[in-house]
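Biologist: Before we look at anything together, could you show me how to read the features of a model such as this one?

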Amino acid sequence: MCADPFSVYSLGMKLQITHPELFGVTADSITLYFDVEDESGLVDATARILLNGETRATCEGHAGTRHVRIEGLTPDTEYSIGIEVQGAEMPEPDNYFSPLARTLPGTSAKRVATFATINDLHFGEPKFGGTLLDDGNYGDDAPGFPSVQADGAAIPYWQLMNEDVVSEINRADVDMIFIKGDIADRGRTEQFENAARTFAGFEKPHHAFLGNHDHYALEVDQEVDGYALLNQPRAPRAVDLAGWRMILLDTVEPGEHHGVFPEERIKWLERQLEESRDLHTPTLLLMHHQPVPPEHVDSYPNSIGITPEHSLRFFDLLSRNPQVHGVLIGHTHRNRVRVDSRSGPVPLIEVHCVKDYPGGFAHYSLYDDGHFRQEARRTSTRRALAHSRHCRGFFNGGYRMFSLGSLRDRSFAVYPSA
């Protein structure tokens, strides 16, 4: 991806650095994405990446989205970022790209484990895009509202995105993978079977639970056991990882788009949390639907979250269990971190989907002092970036901001509350 020398693009057309993204930071790395274009479209001009005025990567071009990850940086340090292409102006700051970035703080704590999460894989989805209907489904194409179709391609977009995210997670060498629902787009047997074959490519253990889409075979009066087809125990259940407790929840009302968390699920979770609290075990909850307080229920995608009356009980339970350090969520296809005063300081963390833009996974590091770190990542094979780039401007250009969120929604450290 990155090599010398820095060559001059010589076709005589004006070059532009477009769609730059400061996508992620860690204590010792910065990750960038950008395109280089002329009047004809994407081009293969070479780019330099400068930090504090010093060239840190020279990227031999290809006519596609560039992915640059610079490592070996100093923790808790501000870096100025420059992207330099011969004949092109430096990109202007915007909501997606800042010319200044601060790495996350360092730590003296010991990292005890890493894991990845993926969600909203949608094996078998026939199309993505078009107009967005009130119920969250996709309508017809319209000006500004294109779609991508699964049929007719050599490989369906959802298949290539899922295959490539498995490969990238393997390269990340995590200890465990959690799959947070919406695996099979319509809950069909063949969709789960395809997912199971793809998940067999994971080199480390994986744990999956179902989302609302995984039960949609009920719409055609079919009873499909996705857990059996995936060879996975049913949720809810708990998994221990290096002294941390990972609790996998069920938020689904089969056949419905929204989520629920009724009495029996609250009681089960209450018993689990009583145990981890008594053992002083740092705990993370993983779930498909997002909890939604009553005052926000009327706006999309809050309207398809957990019903407010159930969400309030969930918030109350969190407020009584300070050993819960985070809630990891799927369903909304976006990066967003919220804190609700009714549940205390615990962050409610939504992560983007696998299948479209920005397309990828979340990488987590767990530490022996009870803090954890997240870095959202894009699947960065050339074909995955080509697909996610195509989806970036969907829904009249609004999808990019909705799905991407802010840098602080993607990269952060969470410390135990006092």
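Predicted model: local features only at pLDDT ≥ 70, side-chain atom pairs only at ≥ 80, totals over all residues.

Biologist: How do the axes of α1 and helix α6 cross?

Modeller: Two packed helices are described by the angle between their axes and the distance between the axes. Helices here are DSSP runs of H or I with at least four residues, strands are runs of E with at least two, and both are numbered from the N terminus. Axes are lines fitted to C-alpha atoms, for helices over the stretch in contact, with angles from 0 to 180 degrees between N-to-C directions. The axes of α1 and α6 (residues 382-391) come within 9 Å and cross at roughly 130°, so the two helices are oblique to each other; angles under 35 degrees count as roughly parallel, over 145 as roughly antiparallel, 65 to 115 as roughly perpendicular and the rest as oblique.

Biologist: Which residues make the contact of α1 with α6?

Modeller: With contact meaning heavy atoms within 4.5 Å, Tyr-157, Leu-160, Met-161, Glu-163 and Asp-164 of α1 meet Arg-383, Ala-384 and His-387 of α6. By class, there are 4 nonpolar, 1 polar and 3 charged residues in this contact, where Ala, Val, Leu, Ile, Met, Phe, Trp, Tyr, Cys and Pro count as nonpolar, Asp, Glu, Lys and Arg as charged, and the others, Gly among them, as polar.

Biologist: Are α4 and α5 roughly parallel or roughly antiparallel?

Modeller: The axes of α4 (residues 263-278) and α5 (residues 308-319) come within 11 Å and cross at roughly 10°, which makes α4 roughly parallel to α5. From α4, Glu-263, Ile-266, Leu-269, Glu-270 and Leu-273 meet Arg-313, Phe-314 and Leu-317 of α5, a contact with 5 nonpolar, no polar and 3 charged residues.

Biologist: Which residues of helix α2 are buried?

Modeller: Buried means under 20% relative accessible area, exposed over 50%, and partly exposed in between, with a 1.4 Å probe and protein chains only. In α2 (residues 189-199), the buried residues are Gln-191, Phe-192, Asn-194, Ala-195, Thr-198 and Phe-199. Seen down the axis of α2, they fall within an arc of 160° and so line one face of the helix, the arc being that of the directions from the helix axis to the C-beta atoms. Their cover includes α1 (157-172), β12 (176-180), β13 (206-209) and α3 (226-230).

Biologist: Where is Ala-45 placed?

Modeller: Ala-45 is in the loop between β3 (41-42) and β4 (47-51), and is buried at a relative accessible area of 4%. Thr-46 is found in the loop between β3 and β4, and is buried with a value of 2%.

Biologist: Which residues does a cis peptide bond join, with omega about 5°?

Modeller: Most residues other than glycine have a negative phi, and most peptide bonds are trans. A cis peptide bond with omega about 5° joins Ala-235 and Pro-236, and another, with omega about -10°, joins Tyr-357 and Pro-358. Turning to phi, Asp-120 has a positive value near 60°; Asp-120 lies in the loop between β9 (111-118) and β10 (127-129) and counts as buried at 0% relative accessibility.

How values were computed. Residues numbered from 1 in each chain as written. Heavy atoms only, no water.
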